[in-house]
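Take a walk through this structure with the model open beside you.

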Amino acid sequence: MIKIPIRVLIVDDEKDFVEMLSLRLKEVGEKVTTAYSGKKCLEILEKKDVDVVILDIKMPGMDGIETLREIKKRFPLIEVIMLTGHGTTETAVEGMKLGAFDYLLKPADFKDLMTKLEGARKRKDDQEERIRRAEAKFLMRKSGDI
Amino acid sequence: MIMQEMRLLLVDDEEDFRQTIARRLIKRGLLPEEASTGEECLSILEKKPMDVVVLDVKMPGMNGIEVLHHIKTKFPRTEVILLTGHATTQDGVEGIKSGAFDYLSKPIELEHLFRKIKQAHEKVCREEEKIRDAEFREKMEQQMIATERLASLGTLAAGIAHEINNPLAIINESVGWMNLLLKREEAADIPFRCDLKRALDKIEKSIVRARKITHQLLGFVGKDDFALTEVSLAELVDEALLLVSREAMNKEIEIVRDIDASLQTIWSDPYRLRQVLVNILTNAVHATGPEGRVRIIVEDMDQEVLLKVRDTGEGIPKENLDKIFEPFFTTKNPGQGTGLGLYVSRGIIERLGGRIDVKSELGNGTTFCVRLPKKNRTDEVQTQIGRDDLMDKINKYQ
C-alpha cells in the first residue's frame, strides 16, 4: 500500500521541540510545515494546504485556544490536535468543545501521536467526501436531473 | 454541667457536722463524698479527681492549710473552699493567698455554702473549657499549617511538573529521531551502533518514568476536572480489582470482597475514585507477601460510606506512618513507585469531601480507611466551607 503523506503543520513556540518532531514526522513520510506562533500558523494556512495542525496550547501572544478558534472559523475542515504541557486538562476539554480533533499531553508518545494524526486525517477526508457528494447532488438537482 | 455530675468532697473531723451538711447538700441535688482527715482527703484525691473540696481548717493531724498546699501542687484543677472558725479569719485569708477559691466562717449558713460550691464548680468548668478550647485550637492550627503546606507544595510541584514537560518533550522527540536515524540503512555499519541503541533505550525508559511523575502531579492539581455523577462503589471496586488481580494471582494473594449489599449509588467522581482505589489496592498487593490476603470492605454508614482495605503485609513502621502521605515518599525501588500515589489519593479524597486514614502495626498488616460522603457538593464549595469553618473556629478562640 502506498502511503499518502499527511500534510502536518506543527505550531509551538518551543523551537527545539518543533524541529525534532518535524524531523521525526518527515522520517516516517509525512509532509511537515512548522510555525512558532499562532499568527504565523494562520498565515501559513492561508497559503498552504494542510490536513492536520498540531497545536501547542500554551504560547506567548496568541495562545492555542485563540488560534484554534480562528482556524475553525476560517478553515473549518482542517483538523487540529492540541498539545499541552499544561496539567489541567480543562483547556484541552475546552479545545475539544471548540472542535479540536483530540489532544495529547506532553511529552507525547509517538505511537499515540501517529494514531491521532491518522484519525484526524481520516475525519477530514470523510468530511470532504461528504461535502463533495452533497455538492454533486445539489448540482444535479439544480439541472433538473432528479 | 449538671450538678449531680459535680465531684464534691467534704473534709471535716467533726462527724456530726460533716454528715449534717452532707445530708442537706444531697437534698439540694449534690452527691458529696466525705473524709474525716486531711490524709484521707489526699488519698481519695489520688484515686479520684474532685472538682470541689470543702475543707475544714482546724483538724487534728494535717491541718487544712497544709492540705490546701498539697491539693494546689498536686491537683491544680481542684477548687478548695475553706471552713474556718470565727476566731481564725486569718487562716482564711492565708488560704486565699495559697489559692483557695474562698473561705466561710463557722457556723456556716448552708445556702451560702451551696452558692459558693456552685460558683467554685462553675470556675472548674470554665477552666476545663478553656483548656479544651486551647487544645482544639492548637490541633486546628496544626491542621491548617499542614493543609496549607501541602497546598502550596502541590502548586509548586505542579508548576515544576508543567515546566519540565516541555524539555522532556524535546528530549523525547530527539531520542525518537535518533532511533529513526539508527534504523536507516546507512547506519547499519556505524561503530558502537548497539551501544548507541542501548543508551537511547535507557533515555526513552527514563522519559517514560519522568512523564509518569509529571502527569501524576498534574493530575492531582487539575482544577475543574472533577466530574461528579452517580457512582456505584461496588462496580468501581470490581473494576479496580480487575486491574490488580493479575499481580495478586501471581503472588497467590487471596482477595476478599466484602461489600454491603444494601449500599446504593453515591455521588462522586468515578475516575478519580477509581484512581484512588487502584492506588490503595496496588499498595496493598505490593505490601502483602505470597499467600497473604487483601480484604476490601465497604460499609454503608448513615451519611457516608466507609471503605476499608486491609492487607496482611508486614505493616508500616511507626516512623514512616506520618510520611506516607507526603509527596515523593516511597519505600519502593527507583522506577517502581513515584511516591505520589497516596499523596494524590489523599488530595482526591479530600476534594471529594472525604477523609483517608491509615492504621498499621508492624507484623500485623495495614488498613486504609476511606470515608466518603454519599452526597457531594462541588468540591470548590466544599473546600471553601471547610476553610471558613476552620478560620471561624480559630478566630473565635483567639
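Helices (H or I, at least four residues) and strands (E, at least two) are DSSP runs, numbered from the N terminus. Two strands pair if DSSP finds at least two bridges between them. This is a predicted model, in which local features need pLDDT of at least 70, side-chain atom pairs count only at pLDDT 80 or more, and totals for chains, interfaces and linings use all residues. Residues are numbered from 1 along each chain as its sequence is written, chains are lettered from A and ligands numbered from 1 in the order in which they are written, and side-chain values use heavy atoms, with hydrogens and water left out.

Start with a hairpin in chain B. Three residues link β9(B) to β10(B) in this hairpin. The two strands, β9(B) and β10 (residues 304–311), run antiparallel and are joined by seven bridges. Look at Val298(B): it stands opposite Leu307(B) in β10(B). Ile296(B) has Val309(B) as its bridge partner in β10(B).

Now turn to another neighbour of β9(B). Strand β7 (residues 254–259) of chain B pairs with β9 (residues 293–300) of chain B in the parallel sense, over six bridges. Here Arg257(B) has Ile296(B) as its bridge partner.

Where do these strands belong? They are part of an open sheet of five strands in chain B, in the order β7-β9-β10-β12-β11, with mixed pairing. At the edges are β7 and β11 (355–360) of chain B, each pairing on one side only. From one strand to the next, the twist averages 10°. Axes for such angles are lines fitted to C-alpha atoms, for helices over the stretch in contact, and angles run from 0 to 180 degrees between N-to-C directions.

Helices lie across this sheet. Contact here means heavy atoms within 4.5 Å. Helix α7 (residues 233–250) of chain B lies across β7, β9 and β10 of chain B, and runs at about 175° to β7(B). Helix α10 (residues 341–351) of chain B lies across β11 and β12 (366–373) of chain B, at about 25° to β12(B).

Chain B has another open sheet, with five strands in the order β2-β1-β3-β4-β5 and parallel pairing. Its edges are β2 (32–35) and β5 (102–105) of chain B; each has a single partner strand, so one side of each is left without a neighbour in the sheet. The twist averages 20° from one strand to the next. Helix α2 (residues 38–47) of chain B packs on the sheet, touching β1, β2 and β3 of chain B, and its direction makes about 135° with that of β2(B). Within the sheet, β1 (residues 8–11) and β3 (residues 52–56) of chain B pair in the parallel sense over four bridges. There, Leu9(B) stands opposite Val53(B) in β3(B).

Finally, consider chain A. How many helices and strands does chain A have? There are five helices and five strands. Along the sequence, chain A follows the pattern β-α-β-α-β-α-β-α-β-α. Of its 146 residues, 47% are buried (under 20% relative accessible area; exposed is over 50%, partly exposed in between, with a 1.4 Å probe and protein chains only). Among the contacts in chain A with a separation of 6 or more, 62% come from residues 24 or more positions apart.
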